[in-house]
Amino acid sequence: METPLSPMEFARRARRLYAGREAVVDGDLRLTYAQLFDRCDRWSAALQAFGVAQGDRVAYIAPNTHAQLESFYAVPQIGAVIVPINYRLIPGDFAYIINHSGSRVVCAHSDYLDAVDSIRDQLPEVTHFVALEGAKEGWLDYEAILADSPAAFTAPAIAEGDLLAINYTSGTTARPKGVMITHRNAAINILTTLAHHHLGPEDRYLWTLPMFHANGWTFVWIVTARGMAHICLRRVEPRTIFPLISAERVTMFCAAPTVLIAIASAPDELRAGAPRGVRLFTAGAPPAAATIELVEGELGWEITHVYGLTETSPLITICEPLPEHAALSPSARAVLKARQGVEMLASGEMRVLDPEGNEVPADGATLGELTVRGNVVMKGYFNDPEATARAIRDGWFYTGDAGVVHPDGYIEIRDRFKDVIISGGENISSVEVEGVLLRHPAVQEAAVVGMAHERWGEAPHAFVVLKPGASSSEAEIKQFVRDHLAHFKTPQWVSFVDELPKTATGKIQKYVLRGGGTGIAKQ
Ligand code: AMP
């Protein structure tokens with residue numbers, strides 16, 4: 001007797017057990033699980049009335065609203081495939097993704113109706129345009145359709161290998177690729193995350209991480225599976241986050257390191273009175289030990305560092321705390337926590353390989369490429385067998401991330417291979433230099449890229465955002481790095497900037513810093 005592994009199975013259980021519990025808070029709107037699922041069922045019936053069949057794709061462009069959350073149930077429970085699009089992209093990118101995915105229905109939040117209108121003539125296959133809020137001429141009104149729709153839809157049989165989502169993600173310059181995530185991929189990510197991290201109906205989750213990004217690291221389904229409350233958040237800024245955490249008794253959220261930095265450097269009046277004990281996951285970029293120490297020490301929050309890619313559903317590793325870590329000093333523990341960690345329970349096998357395909361020694365020094373095989377690796381890139389074959393070779397998915405293995409088996413990412421700066425024949429990890437810069441008392445954020453250098457071929461160039469009111473100089477920053485690292489790692493150039501170019505999920509767009517144009521950003 002086998003039940004296909006699917007987040008829809010967890011939803012079936014949740015609708016039975018948590019019907020009366022609070023499911024969603026979105027501004028003034030509050031929904032119980034019974035109300036949430038009633039809305040999802042109505043939308044499923046409406047989509048079927050539009051002609052959406054099993055395997056069809058439905059595209060969404062929306063921030064973290066209740067309607068965006070509803071898509072993650074209404075679309076897959078009829079066997080259709082959700083395509084959540086990064087709303088920070090430009091209209092031309094929306095057109096590319098909608099057409100490449102073959103989506104026939106496009107649902108957009110009010111902020112994006114004009115953007116979609118500007119590309120309508122490029123979307124010949126789309127039959128239905130739905131405004132999730134603020135419908136205007138030429139748009140169907142989501143709420144009006146929901147109100148008129150029956151709650152009965154036809155539920156097809158879903159196999160665990162069926163497509164659940166296509167998440168578009170790009171390299172630094174290429175067109176985005178559609179990562180095919182199956183019901184099984186997501187279900188395994190959910191179960192594995194929960195095996196490492198206890199969550200239950202007593203928890204309340206704040207939506208700081210975009211739902212479109214790798215399906216919110218599958219928290220769109222994890223939160224429901226455990227009968228928790230989804231606290232929606234439309235703008236990620238400390239002056240909204242801190243009051244919501246207090247008012248809604250938030251116990252957990254996920255955040256890229258850049259959001260952690262914003263939290264850690266928020267003004268005292270915001271941080272005062274913040275409840276202690278909030279737990280959070282961080283990933284998406286390497287978090288600096290200094291940031292971890294600050295958030296844990298000053299706010300009393302508990303950080304769990306995880307790592308993965310859209311292509312791996314997304315989580316592969318967790319920096320698993322061990323009892324013996326508790327005896328370490330806070331700063332020594334933060335250095336450990338800044339490591340990406342160890343394989344998660346059922347995500348699959350991870351190896352760090354040298355260019356010859358051999359595992360690197362566990363010496364904390366030899367750099368190799370992180371590769372993984374197993375349950376969370378995507379089915380492939382949608383309609384792109386060549387890109388799939390480049391990424392998955394001999395049964396292994398190649399992440400493009402460069403890391404070392406420490407003697408205790410914990411993996412630490414030092415860079416992405418293409419980001420390694422080779423200066424005078426010596427490799428420099430930009431992450432390492434950034435880690436030092438972030439320890440400078442005047443520095444709020446920093447990014448280091450390789451730039452052409454007459455003598456050394458390449459040399460590090462640091463882009464630095466200073467803390468409000470702080471001052472420094474190029475010479476002082478260089479001296480600070482020189483005091484902490486080998487001289488050849490010292491940036492040859494330091495540019496002070498107001499902000500760093502970032503994707504919606506907080507990843508620094510290093511190719512922009514290198515002067516590499518404005519291609520679609522990697523999430
Ligand atoms: P995405 O597919 O947009 O989620 O990007 C995945 C990439 O983000 C990975 O290949 C890494 O380069 C980076 N990344 C994700 N999590 C971490 C982490 N914990 N530490 C360092 N880099 C990370």
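User: Radius of gyration is taken over C-alpha atoms, and the globule rule is 2.2 Å times the number of residues to the power 0.38. With 523 residues, what would a compact globule have, and what does the protein have?

Analyst: A compact globule of 523 residues would come out near 24 Å, and the protein has 23 Å, so the two agree. It's a predicted model, where local features need pLDDT of at least 70 and side-chain atom pairs 80 or more, while totals for chains, interfaces and linings use all residues. Numbering runs from 1 along each chain as its sequence is written, and side-chain values use heavy atoms, without hydrogens or water.

User: What box do the C-alpha atoms fill?

Analyst: Roughly 70 × 50 × 50 Å along the principal axes.

User: And how much of the protein is buried?

Analyst: 56% of the 523 residues (under 20% relative accessible area, 1.4 Å probe, protein chains only). Of the contacts (heavy atoms within 4.5 Å) with a separation of 6 or more, 67% link residues 24 or more positions apart.

User: Switching to secondary structure: how many helices and strands?

Analyst: 18 helices and 27 strands, taken as DSSP runs (H or I, at least four residues; E, at least two) and numbered from the N terminus.

User: What's the strand order in the open sheet of 9 strands?

Analyst: β2-β1-β11-β10-β12-β13-β14-β15-β16, with mixed pairing (at least two DSSP bridges between two strands).

User: Which strands are the edges?

Analyst: β2 (29-32) and β16 (342-343), each pairing on one side only.

User: How does β15 join β16?

Analyst: β15 (residues 315-318) runs antiparallel to β16, with 2 bridges between them. T317, for instance, has E343 in β16 as its bridge partner.

How values were computed
Buried < 20%, exposed > 50% of the residue type's maximum accessible area, 1.4 Å probe, protein only.
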